[in-house]
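I opened the model to look at one helix and the sheet beside it. My entries follow in the order of the look-ups.

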Amino acid sequence: MKIRNRFTLISSLTFSVVFVIASLITYFSFYSYSEKIVYNELQKTCLLTGIFYLEKDELPENQHLIIGQQFRENSLEIVTRVYNEKNQIVYGDKTSDHNINASKLDYIRKNRKLSFKSKHHFYFGSYYHDNQGDFVVFVKKNDTDFKTMTDRLLIIMILVLISGLVTIYLASRLLSNLAYTPIKNIINQVNEIQASSLDKQIVSSNTKDDIQELIETYNNLLKRLSDTFIIQKNFINYVSHEFKTPLTAISGNLEVFAQKDRTSAEYKEMSQKVLENVYQIEDTMNTLMMLSGLRENMELNEIFRVDELVWDINDQLSASYHLKGQIQIALEVSNDKLLSIHGNSNEIKIALFNIIENAVKYSDGNPIKISLLEQNQQLKIVVEDQGKGISEDDLQFIKQTFYRGKNVSDIKGSGIGLTLANVIFKQNNIEFTITSKKAVGTTVTLVFPKL
């Protein structure tokens, strides 16, 4: 059952139960009170009946006339009877009534009064002592008016219940539709999201309620799913792209090698070449798994010195590219503790290596400056080169996988270095920005989190 239908049903049932209980209480209270009024009227008529019939010899004529007038006004549609000690009717209606018997008359003589209701009449009897003897006065009244009044009240309540149910159903339906509209809007937007559009956000009306919280939570979930989906998709692209060259080299060398018999020295040389390509594939696999987020980060809480990483990278690049003082390192940190940070030292070294290596490759032989600075009690590293630079058109895409600037096609590269660095810096909460100008140079700024 849909939420809006459930809401409408619960509202209608709640109203029905509450109204029925209130109606029953009202009806029985009215019924009881109306009976009490009827019996009070019969009691007054019973007293007037006794005075009218039994006090005639004791009252002055003018007073008896007044009593008689009141008696006749009160006894309209009321049957009166006066019984003597022998249970004989001495005054009033002489016809016998099977609802009035000796046991009831004796009860009244002992308890002074009795009221009860038969199928169609109300009865009231009272004991009356007179100088002529002891009497029992009984009066009865038809309950037609009483039933008409109570039945009318019952009909009114039933009509009110029916109209109230219709009203509450329509109102609940309207309110549920209004409340369900944002949810329906969410459902429609979710149904439009495909695997290729997981990054699409659900648009909300900023209601600042639970629905808004649900939308924000779902958007966060979609973002995580989108990131995961992109990572998995990119991993396949990375593998197919990066494995193509070493696998081609291996297959090509083996095909050439298999064309004729070889000496042991040639076998050894070929094995060495194949192993180098295998090692390259292994290193590429480790790097790509790290880039794709498929390998767990087991050393995230490691504490290490960033300046030591920078010097190690300088030594490696100087040896690989035969640099002679091209990289200039400036350490301008007064608080030595800022150089020790939390993170994965291997990952951060790979990211820094890619950044600094790019500076070396694209510097056109110009000096490269690496500055370790202190800013707002945080470590800041700035890598500056005076090389080719990056055009404004290329700069906005430079962190995308496999993207390479139009002015660097003559320099060897795969286009995943900055992407890998960007992923690593995000995982380690390091701010990473690039500014550049074509033919002027590039500046990379890294701001490390506080320890």
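The expected span of a helix is 1.5 Å times one less than its number of residues. I am working from a predicted model.

Entry on helix α8. I took α8 as residues 306–320, which is 15 residues. At 1.5 Å a residue the helix should span 21 Å, and I find its end C-alpha atoms 21 Å apart, so the two agree.

I then asked which residues of α8 are buried. They are Val306, Asp307, Leu309, Val310, Ile313, Asn314 and Leu317. These residues cover an arc of only 150° around the axis, so they lie on the same side of α8.

Next I looked up what covers them. The cover includes the strands β6 (302–305), β7 (327–332), β8 (340–343), β9 (368–375) and β10 (378–385), and also helix α9 (345–361). After α8 comes His322, and I noted its positive phi, near 55°.

Entry on the sheet. I read an open sheet of five strands in the order β7-β9-β10-β12-β11, and its pairing is mixed. On average, neighbouring strands are turned by 15° against each other, direction ignored.

I checked the pair β7 and β9: the sense is parallel, over six bridges. Ile327 stands opposite Ile368 of β9.

Entry on packing. I find α8 lying across β7, β9 and β10, and it runs at about 170° to β7. Helix α9 also packs on the sheet, where it touches β7, β9, β10, β11 and β12 (441–447). The direction of α9 makes about 25° with that of β10.

Definitions and conventions
Residues numbered from 1 in each chain as written. Predicted model: local features only at pLDDT ≥ 70, side-chain atom pairs only at ≥ 80, totals over all residues. Heavy atoms only, no water. Helix = DSSP H or I, 4+ residues; strand = E, 2+ residues; numbered from the N terminus. Buried < 20%, exposed > 50% of the residue type's maximum accessible area, 1.4 Å probe, protein only. Arc of directions from axis to C-beta. Contact = heavy atoms within 4.5 Å. Pairing = 2+ DSSP bridges. Axes fitted to C-alpha atoms, helices over the stretch in contact; angles between N-to-C directions.
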